[in-house]
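Here is a walk through one protein model, from the overall make-up down to a few single residues. Keep the 3D view open as you read.

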Amino acid sequence: MARPTPSSLTQAMQALRLRSSSTHRPLARFSRRTVRAYATEAQPTTVVQAAPEIDFQTFTRDPARIVPASPSYFSGNPRFIDHVLRLESLQAKYSALPTVPATEAPRMAWFKLPQFREFVGEIVPTKKYRSLLKILQRLNRIKPQKVPGEVRTALAAFLRPGNPYSTKVVPRPVDENGCARAKGKRKESTAVVQLVEGEGEILVNGKSLVEVFQRVHDRESALWALRCTQRLDKYNAFITVKGGGITGQAEAITLAIARALLLHEPGLKPLLRRAGVITVDARRVERKKPGHVKARKMPTWVKR
């Protein structure tokens, strides 16, 4: 068989190219004018008519979906939120009124959380109730002479029955004999003091102070209210104390003497407050726990 020469291969390739080019049709070329004519050709328009307006007066019965009267109907606490919205609207309405400091605002006994839950009939979380109290306190700070009537009515709805702050506690005055009687407690001890002007005589359950309190610290603690005000030689104290231990009785006497001294001289209150003798110490002994030696102490751990 004869071997093909390079010239014959070249001729065969050219023949194939000519044959393939003759089978394909050339793409039609559109001029710019033709394309522009297609783009600007008017499209047929269709007129769309809207549906006729619904006349609700022609309905013989109410629609299936009833709009609730309260905006908070679908919330978890609708009654609570209604109260919050009403108070917030009052706060926004009267925000321009003058206010007084929180310390000078009238003291109000608001509902406690269980009472408020019973009032609204819903389980209101503590955090949400605190936010309501903040709004009430802000409205309560409006100057008393300019509080609107609707604000007074709204605040009165959240007051506990029998406002404990409405009546001020009047301390018992000194009697006709010049004797001031006061009571003090500490732990399990209770002391009653009768304080009169005198030369500094102190009797505890009919005995002298040294006989009842052997330790110097207890004697100083019992008379600290008179010592810090330099009234040791000005008053006689007749004390009745019971219950508790020696230290508890001494501290109960301290509180009782300080309260009786305030009845004689109310101007000493700042000094007694700084001395810490009219502050009630409410600490108590923690109870023993089951399985413990004491309140916190555990039994000694033994490995074997």
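Contact here means heavy atoms within 4.5 Å. With that in hand, take T254: leaving aside its neighbours within four places in sequence, T254 is in contact with S221, A222, A225 and V277. T254 sits in helix α10, residues 246-264. With a relative accessible area of 8%, T254 is buried, since buried means under 20%. One more pairing to look up: T254 and G276 are 22 residues apart in sequence, and their C-alpha atoms are 9.9 Å apart in space.

**The overall picture**

Keep in mind that this is a predicted model. The protein has 304 residues, and 28% of them are buried. Its secondary structure comes to eleven helices and five strands. Now look at contacts between residues at least 6 apart in sequence: 70% of these join residues at least 24 apart.

**The sheet**

| Strand pair | Sense | Bridges | Residues opposite each other |
|---|---|---|---|
| β1 and β2 | antiparallel | seven | G184 and A191 |
| β2 and β5 | antiparallel | eight | Q194 and F238 |
| β3 and β5 | parallel | three | V204 and I239 |
| β3 and β4 | antiparallel | two | V204 and K207 |

V204 is worth a click, as it turns up in two rows: V204 faces I239 in β5, and V204 also stands opposite K207 in β4. The strand that V204 belongs to, β3, covers residues 202-204.

β1 and β2 (residues 189-197) form a hairpin with two residues between them. One of the residues to check in that turn is K187, with a positive phi of about 55° although K187 is not a glycine.

Q230 is another residue other than glycine with a positive phi, near 60°. You'll find Q230 in the loop between α9 (224-228) and β5 (235-242). At 67% relative accessibility, Q230 counts as exposed.

R231 lies in the loop between α9 and β5 too. Which way does R231 go, buried or exposed? R231 counts as buried, at 18% relative accessibility; the cut-off is under 20%. Leaving aside neighbours within four places in sequence, R231 is in contact with L226, E265 and L268.

**Helix α6**

Helix α6 spans residues 149-156, and its buried residues are V151, A154 and L155. These three cover an arc of only 95° around the axis, which puts them on the same side of α6. What lies over them? The cover for the buried residues of α6 includes α3 (78-93) and α5 (126-140).

Rolling a probe the size of a water molecule over the atoms shows where empty space is left. The second largest pocket holds about 230 Å³ of space. Of the 14 residues that line this pocket, P106, M108, W110, Q137 and N140 are the closest to its centre. What is the make-up of the lining of the second largest pocket? The lining residues divide into eight nonpolar, two polar and four charged.

How values were computed:
Residues numbered from 1 in each chain as written. Predicted model: local features only at pLDDT ≥ 70, side-chain atom pairs only at ≥ 80, totals over all residues. Heavy atoms only, no water. 1 Å grid on protein atoms, 1.4 Å probe; cavity = no way out; pocket = protein on both sides within 12 Å on 5 of 7 lines; lining within 4 Å. Points joined across faces, edges and corners; volume = space filled by probe spheres on them. Nonpolar A, V, L, I, M, F, W, Y, C, P; charged D, E, K, R; others polar. Pairing = 2+ DSSP bridges. Helix = DSSP H or I, 4+ residues; strand = E, 2+ residues; numbered from the N terminus. Buried < 20%, exposed > 50% of the residue type's maximum accessible area, 1.4 Å probe, protein only. Arc of directions from axis to C-beta.
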